[in-house]
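Here is a short note for a colleague who is coming to this structure without having seen it before. Please read the points below with the sequence and the model side by side.

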Amino acid sequence: MAVAKMKFAIDDGSTNVKISWIEGGQMRSIISPNSFRKDWKSAALLSDKKVYNYQVGTTKYTFDATSDKALATTHVAYQYDDLNLLSVHHALLQTGVTPCPVSIMVTLPITEYYNADDCQKNEVNIARKRANLMREISLNKGELFEIVDVEVLPESLPAVLTTLMDSGVNEYTKSLVIDCGGTTLDMGVIVGEFEDVSAVYGNAEIGVSMVTDAARKALAAADSDASYLVANELIKRRHDREFVEQVINDLTKVDWVLSRIDDKIAELGAAVAHEAKIFARNPNRIYLVGGGAHLVAPAIESAYPSLGEKITVVPEPQSALAREICCYHAADQAQAS
Ligand SMILES: Nc1ncnc2c1ncn2[C@@H]1O[C@H](COP(=O)(O)OP(=O)(O)OP(=O)(O)O)[C@@H](O)[C@H]1O
Ligand SMILES: [Mg+2]
């Protein structure tokens, strides 16, 4: 087997794969959305765009950012199936690095990584995920990275590693980490600087896609059918009036569409705050990560009024986990050499 030439930290979420790596002494990061459908795309139709036609076993897949037939990646089985293998390889190709043998660090949702009853590692799930990512896959008319080693880490919690170390917590401090992703809400309580993980929680019903779905419906009602990607962009740039008016065809419905989005954001925030309160009534600190962190922050602030400034949205929350895993690993390497 080949020897790995590079190491990548990969947070392979259900809607977006986030990758960080060190190149020329600098950390680089990318975000690659998951949107694959069955069968191959015809290359002839698209001369300016690169076509990514993959094959896993006997099944053919293609990357298709705007397809309505995009296969769902938003279920737990995704962690161990063809689509996960595809999305990791596809994301690696988006780094611009020339394909070579690589060693990767990937993530599993905390409730898959730890047993819910005793917070011990679930070695069966970890082995399953590793084995899945070492499987054969091919890219038509192209070269793929060779994955020679896979390390599995829990989602969410490592995103706050350096933040916690720099924040002067004592060994009794309980930090609640809330990860609001595309389709799931994950939470964990860390004791001290990482002495212990005292509880984990996962809910596959609560995520930013609640807002995305509402935005798409509202857009359709305003004569502006849109893909997930466009709807997500509208949510992010809802305060940018010029952009909003480019996306919404029926200008008389602009304010109505925006109010539908705001209502759903409030609903998402309320749902997250409700679950958080049940899961951890009185943490000492709260860290918000994941793509939905900014959307739910106001609701968390009002649910925990006494925490004030001890509630933190981690910088660039969507890619924080991949960056932290990368940083942490780079520190390891520096110590070893
Ligand atoms: N600044 C932002 N404002 C609003 N939404 C955002 C922002 N940044 C990212 N998002 C949304 O967050 C979602 C993705 O978040 P993230 O990448 O954390 O999810 P994921 O890890 O793929 O999902 P999961 O953790 O549920 O498996 C997308 O719907 C994206 O549009
Ligand atoms: Mg995630």
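1. The expected span of a helix is 1.5 Å times one less than its number of residues. In this predicted model, helix 1 has twelve residues and reaches 17 Å from its first C-alpha to its last, which is close to the 16 Å expected at 1.5 Å a residue.

2. Ten of the twelve residues of helix 1 are buried, so this helix is largely enclosed by the rest of the structure. Among the buried residues are Leu83, Leu85, Leu86, Val88 and Leu92, and the list also includes Asn84, Ser87, His89 and His90.

3. An open sheet is built from four strands in the order 4-6-5-8, with antiparallel pairing. At its edges lie strand 4 (36–38) and strand 8 (138–139), each of which pairs on one side only. Helix 1 (residues 82–93) packs on this sheet, where it touches strand 4, strand 5 (53–56) and strand 6, and its direction makes about 140 degrees with that of strand 5.

4. Strand 4 and strand 6 (residues 59–63) run antiparallel and are joined by three bridges. Within this pairing, Phe36 stands opposite Phe63 in strand 6.

5. Ligand 1 is surrounded by 20 residues, of which the closest are Gly13, Ser14, Gly181, Asn232 and Gly291. The elements that give two or more residues to this shell are helix 6 (228–236) and helix 9 (293–303), and the largest share, three residues, comes from helix 6. Sorted by class, the shell around ligand 1 holds 16 polar, three nonpolar and one charged residues.

Conventions:
Residues numbered from 1 in each chain as written. Chains lettered and ligands numbered in written order. Predicted model: local features only at pLDDT ≥ 70, side-chain atom pairs only at ≥ 80, totals over all residues. Pairing = 2+ DSSP bridges. Contact = placed C-beta atoms within 7 Å. Axes fitted to C-alpha atoms, helices over the stretch in contact; angles between N-to-C directions. Buried ≥ 20, exposed ≤ 12 C-beta atoms within 10 Å, placed from the backbone. Near = placed C-beta within 6 Å. Nonpolar A, V, L, I, M, F, W, Y, C, P; charged D, E, K, R; others polar.
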